Amino acid sequence: MLENNMENRNCGCGCQCGCTCQCECMCNNEQTECERKNELREEMMMQLRAYKFSIVELALYLDTHPDDEKALCLHREYTKKAKDLADKFIEEQVKLVQKQVGDKKVLLALSGGVDSSVVAALLIKAIGKQLVCVHVNHGLMRKGESEEVVEVFGKQLDANLIYI
């Protein structure tokens with residue numbers, strides 16, 4: 001049932017009008033995309049509660065009961081929906097960044113921590129070589145951290161990286 005709710009939906013009303021999450025459907029139908037996403041999240045949580053598991057408990061349960069088909073199916077369904085929502089969020093953010101940046105360049109101080117690394121990855125996806133990342137090894141970094149930043153962002157992701 002949950003899969004049918006997500007298929008071929010753009011704005012939540014099923015009209016395929018192409019609107020994105022603006023909390024207002026272009027076709028003036030009743031349900032907005034935001035309302036639809038919230039409804040899907042709540043439906044997933046109700047399914048988990050009915051099975052008497054949080055998603056973490058479900059994952060732990062499956063470690064010791066890998067043959068429980070109902071739990072496995074619920075976990076697959078939940079992780080697929082979570083991934084779909086994350087992919088949609090990334091897609092929307094990439095479009096917003098591209099629109100805001102245009103043909104300008106962006107300078108990012110890349111510390112190597114989670115926050116700046118996630119922002120860097122999102123910006124690389126959105127604007128590519130228009131992003132200039134600067135990583136400063138000030139001598140207080142964890143062992144190998146600067147080398148890892150250079151490897152991941154400079155070589156693997158081919159970012160425009162300045163290493164100081």
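Leu108 stands opposite Cys133 in β2. Strands here are DSSP E runs of at least two residues and helices are H or I runs of at least four, numbered from the N terminus. This is a predicted model, in which local features need pLDDT of at least 70 and side-chain atom pairs count only at pLDDT 80 or more, while totals for chains, interfaces and linings use all residues. Residues are numbered from 1 along each chain as its sequence is written, and side-chain values use heavy atoms, with hydrogens and water left out.

The sheet is open and has 3 strands in the order β1-β2-β3, with parallel pairing; two strands pair if DSSP finds at least two bridges between them. β1 (106-109) and β3 (160-163) are the edge strands, each with a single partner, so one side of each lacks a neighbour in the sheet. From one strand to the next the twist averages 25°. Axes for such angles are lines fitted to C-alpha atoms, for helices over the stretch in contact, and angles run from 0 to 180 degrees between N-to-C directions.

| Strand pair | Sense | Bridges |
|---|---|---|
| β1 and β2 | parallel | 4 bridges |
| β2 (residues 131-135) and β3 | parallel | 4 bridges |

In β2, 5 of 5 residues are buried, buried meaning under 20% relative accessible area, exposed over 50% and partly exposed in between (1.4 Å probe, protein chains only). Leu131, Cys133 and His135 lie on one side of β2, and Val132 and Val134 on the other.

Contact means heavy atoms within 4.5 Å. The 12 residues of α6 should span 16 Å at 1.5 Å a residue, and its end C-alpha atoms are 15 Å apart, which agrees; the expected span is 1.5 Å times one less than the number of residues.

Glu145, Ser146, Val149 and Phe153 are the buried residues of α6. They cover an arc of only 95° around the axis, which puts them on the same side of α6; the arc is taken from the directions from the helix axis to the C-beta atoms. Their cover includes α5 (114-127), β2 and β3. Glu147, Glu148, Lys155 and Gln156 are exposed on the other side of α6. Just after α6, Asp158 takes a positive phi of about 55°.
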